[in-house]
Protein chains: 2
Amino acid sequence: MYFKDTYMSSETLQKLNWRYATKKFDATRSLSAEKIHILKEAFNLTATSYGLQPLKMVAIQNKELQQQLVPFTMKQQQVADASHVLVLCVETEMTSNFIETYFNKVASVRNTPKAILKPFETFLKDSFAEKEAEEINQWMEKQAYIALGNLLTVCALEQIDACPIEGFEPEKYDTFLQLKEKNLHSVLVLAVGHRAEDDMFADLKKVRRGVGEVVIEM
Amino acid sequence: MYFKDTYMSSETLQKLNWRYATKKFDATRSLSAEKIHILKEAFNLTATSYGLQPLKMVAIQNKELQQQLVPFTMKQQQVADASHVLVLCVETEMTSNFIETYFNKVASVRNTPKAILKPFETFLKDSFAEKEAEEINQWMEKQAYIALGNLLTVCALEQIDACPIEGFEPEKYDTFLQLKEKNLHSVLVLAVGHRAEDDMFADLKKVRRGVGEVVIEM
């Protein structure tokens, strides 16, 4: 059958099938500098709305620090055992200055006269100024989820094991990692490394609703 | 320099660099059945919180329908010219029945006794029952953004041009595509296809804050 063959022959799908939410990492193994480099660059390349990138990623590789995160992470041992813990953060607010810095960067990178960019810059500043802080925060947090989706797929491609974590206490992370002082707020945690050989979750069949159920053609 | 070489040699990063938000599609070209198959399967393989997949994707390949979406999409012509328009949707509510269906699926796919799954199933049902509808909606919408991040990266890998769109009127999409009747609410639009040869945005330099600015090492 045509689709069956295609399915098997798509390297991308094979890799996406390979990934799973790693429940137990091999604490003795670290990701190579090259793999970490790819994850950082991929994070920076994530598409965000308007290209604003209201995001930063804290990359932790420090077993002592990682161990201290466990109680703030619903006791999930993954953050202690992973090679690196990536914490995806958003800006605490979207300031006029942040937007201006972005447009200055566009002007310099693309050699675009500021006058051409000005109307859109003004529109964006006005548009954010009219919104409630919580609405802006939700919008920024959604951008962090784009980064998560990107990073999980990049991990799959690079055969990096990963566990995405929503179950943690953002305020405790913010305090412990001194994120507020950096005008950041933690949104998502991604533990990355190598699966432990005895992680029983690695062999469980993937559960998905299936294309027939989740895709509607029109 | 080591990192410079690594950067150039990483196929993943080269592909992520290739992608851009396509502003003008070639309306005469369609994506192959194989590429569309990959996008649908990749959507279904997207990681979601608890594995619940509170998402569906409407895949539109109908030029007449696509043209009618333009006024609900801030007049962005991409939805008319793209090969396909993908509309990422969330469930209108997270029902006890939805959660039960998921656990029944886990039990059947993994051959796990229902009794083993029951405590977690009950925990999840109770946990959602305690939350406000808007909080659940925001959480579901965030899951749609993971799918967007995944799909954008898969598009880059598969050399599919894409334009992610937040700038549309979800309520008008919901009515026009009769999504409410399917218990769905539109969250994101992704136009996919082939870039037009004269899309001037294809040649613009990518603007990014850079790893030095967006990554903090600890």
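Two residues are counted as in contact if their C-beta atoms, placed from the backbone, lie within 7 Å. By that rule, the contact between the two chains takes 64 residues from chain A and 64 residues from chain B.

This is a predicted model, in which local features need pLDDT of at least 70 and side-chain atom pairs count only at pLDDT 80 or more, while totals for chains, interfaces and linings use all residues. Residues are numbered from 1 along each chain as its sequence is written, and chains are lettered from A and ligands numbered from 1 in the order in which they are written.

**The two chains**

Helices (H or I, at least four residues) and strands (E, at least two) are DSSP runs, numbered from the N terminus. Several elements of chain A each supply at least two residues to the side that touches chain B, among them helix H1 (2-9), helix H6 (96-110) and strand S1 (55-60). H8(A) gives the most to this side, with 13 residues. By class, the side of chain A that touches chain B has 34 nonpolar, 16 polar and 14 charged residues, where Ala, Val, Leu, Ile, Met, Phe, Trp, Tyr, Cys and Pro count as nonpolar, Asp, Glu, Lys and Arg as charged, and the others, Gly among them, as polar.

When copies are superposed by least squares on the C-alpha atoms of residues with pLDDT of at least 70 in both, a rotation of 180° with 0.0 Å of shift along its axis brings chain A onto chain B, with an RMSD of 0.0 Å. That is the relation of a two-fold axis. In chain A, the C-alpha nearest the axis belongs to A:Gly149, 2.1 Å from it.

Five strands form an open sheet of mixed pairing, in the order S5(A)-S1(B)-S2(B)-S4(B)-S3(B); two strands pair if DSSP finds at least two bridges between them. Strand S5 (215-217) of chain A and strand S3 (161-165) of chain B stand at the edges, each with a single partner strand, so one side of each is left without a neighbour in the sheet. Two of the pairings are set out below.

| Strands | Sense and bridges | One bridge pair |
|---|---|---|
| S5(A) and S1(B) | parallel, three bridges | A:Glu217 and B:Ala59 |
| S3(B) and S4(B) | antiparallel, five bridges | B:Ala162 and B:Val192 |

Helix H8 (residues 133-157) of chain B lies across S1, S2, S3 and S4 of chain B, running at about 150° to S2(B). Axes here are lines fitted to C-alpha atoms, for helices over the stretch in contact, and angles run from 0 to 180 degrees between N-to-C directions.
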